[in-house]
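Please open the model in a viewer and keep the selection tool at hand.

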Amino acid sequence: MCSWASLLRAFQRASCGKRRRPAVAAFDHRHADRLLELQRELLLGEYRPGPYTHFVIHEPKRRRISAARFRDRIVHHALCATIEARFERVFIPDSYANRLGKGTHRAVARLQHFSRQYPYVLRADIRQHFASIDHAILLKGLRRKIPEPDIMALVGAILDGGADALNDEYDMVWFADDDLLAACRPRGLPIGNLSSQFWSNCYLHPFDLFVKRELGCRAYLRYVDDFALFAHDKATLWRWKTAIRERLADLRLTMHERSTQVSPTAAGTPWLGMLVFPDHRRLKARKVRHASRHFRARYEAYQSGEISFGEFDASVRGWIAHAAHADSWGLRRHMLAPFVLRPGDTPVRRWRRTK
């Protein structure tokens with residue numbers, strides 16, 4: 001992990017598309033010297049993560065994002081590149097978050113595939129997922145695949161460095177046999193770390209195996225903390241819901257009970273910003289409203305000269321690429337109709353239906 005080639009690749013991945021940012025540009029200046037210093041700290045066990053920069057976003061819901069220093073993000077990339085293959089060999093195929101060759105659109109397509117085969121679905125999500133991840137349980141699971149003490153020491157240092165990032169975001173949940181010291185258990189992964197996203201998959205891997213092997217659910221998929229189970233009858237799914245609640249408690253996690261309901265797949269399943277039916281997909285209204293507000297703001301900035309047409313066009317084409325995965329041709333025409341371009345402006349490519 002600490003070889004020059006490994007750290008250089010990690011630097012290139014961490015800086016991809018971000019070279020103009022001040023922190024990245026500062027590291028890029030004499031980056032060879034800085035990487036050698038980082039290598040020395042890692043090899044001697046002297047590396048310690050720096051403080052995080054915190055900010056809050058409100059789309060799709062309120063989240064506290066924690067941004068690590070750029071040199072720390074290089075370490076996250078190097079660490080994940082070293083140990084990722086060990087876990088990829090055991091992860092189930094239908095876990096779609098933060099994995100090569102997966103992603104949101106494939107998760108949507110897979111859910112629609114199951115919707116065509118089964119009449120009922122149990123869709124659920126985990127309450128305060130990243131804030132609830134227990135460090136002791138996570139480390140116990142990681143040690144099964146990471147026997148090297150020096151790598152585990154690095155994992156522990158990264159965990160300790162972000163232990164306080166989500167303290168204010170966690171509402172204490174008491175489980176069976178808890179004592180008063182349970183409130184002091186280290187927990188929480190900073191939202192925004194590459195390592196946090198990877199460790200989330202590691203943490204929930206035993207749960208994935210439980211659903212597939214012990215419950216015997218043949219149609220199951222998960223994206224981060226959202227998951228769905230399919231069956232031919234409602235009674236089976238209600239029984240599985242009770243078993244899932246008990247299994248998540250072993251991981252010190254809870255579900256959003258009110259939204260965890262059994263429903264017919266023909267009625268549409270909310271999933272990753274879309275409403276997925278067996279024969280078509282729609283974008284969620286909330287997502288459309290957010291995109292509309294974003295477009296208006298970007299269009300006003302373009303009209304006033306604050307951003308170039310290329311920057312405005314990139315925003316539009318990015319949304320079109322996403323919306324094209326739903327049945328949204330009429331919606332796209334409606335959303336883009338108000339925007340009038342100045343003479344001489346030529347889009348990089350026409351805003352048209354993506355087939």
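Is the crossing in which H1 passes H4 left-handed or right-handed? H1 passes H4 in a right-handed crossing. A crossing is left-handed if the near helix is turned anticlockwise from the far one by less than a right angle, and right-handed if clockwise.

This is a predicted model, in which local features need pLDDT of at least 70 and side-chain atom pairs count only at pLDDT 80 or more, while totals for chains, interfaces and linings use all residues. Residues are numbered from 1 along each chain as its sequence is written, and side-chain values use heavy atoms, with hydrogens and water left out.

**First stop: H1 and H4**

Select residues 4-15 for helix H1 and residues 70-88 for helix H4. Helices (H or I, at least four residues) are DSSP runs, numbered from the N terminus. The axes of H1 and H4 cross at roughly 120° and come within 8 Å. Axes are lines fitted to C-alpha atoms, for helices over the stretch in contact, and angles run from 0 to 180 degrees between N-to-C directions. On the H1 side, the contact (heavy atoms within 4.5 Å) includes Leu 7, Ala 10 and Phe 11; on the H4 side, Phe 70, Arg 73 and Ile 74 are among the residues involved. The contact of H1 with H4 divides into eight nonpolar, three polar and two charged residues. Here Ala, Val, Leu, Ile, Met, Phe, Trp, Tyr, Cys and Pro count as nonpolar, Asp, Glu, Lys and Arg as charged, and the others, Gly among them, as polar.

**Second stop: the second largest pocket**

Next, select Ala 14, Lys 18, Arg 21, Ala 68 and Arg 73, which lie nearest the centre of the second largest pocket among its 18 lining residues. This pocket holds about 340 Å³ of space. A pocket is an open set of points on a 1 Å grid over the protein atoms alone, with protein on both sides within 12 Å along at least five of seven lines; lining residues have an atom within 4 Å of a point. A volume is the space filled by probe spheres set on the points, which are joined across faces, edges and corners. H1, H2 (22-28), H4 and H9 (194-214) each supply at least two lining residues, and H4 gives the most, with four.

The crossing of H4 and H8 is left-handed. Val 75, His 76, Leu 79, Thr 82 and Ile 83 of H4 meet Ile 151, Leu 154, Val 155 and Ile 158 of H8.

**Last stop: H7 and H9**

Finally, select H7, residues 135-143, together with H9; their axes are 9 Å apart, at about 85°. H7 and H9 are therefore roughly perpendicular to each other. Ile 137, Leu 138 and Leu 142 of H7 touch Trp 199, Cys 202 and Tyr 203 of H9. This contact has six nonpolar, no polar and no charged residues.

Note on methods:
1 Å grid on protein atoms, 1.4 Å probe; cavity = no way out; pocket = protein on both sides within 12 Å on 5 of 7 lines; lining within 4 Å. Parallel < 35°, antiparallel > 145°, perpendicular 65-115°, else oblique.
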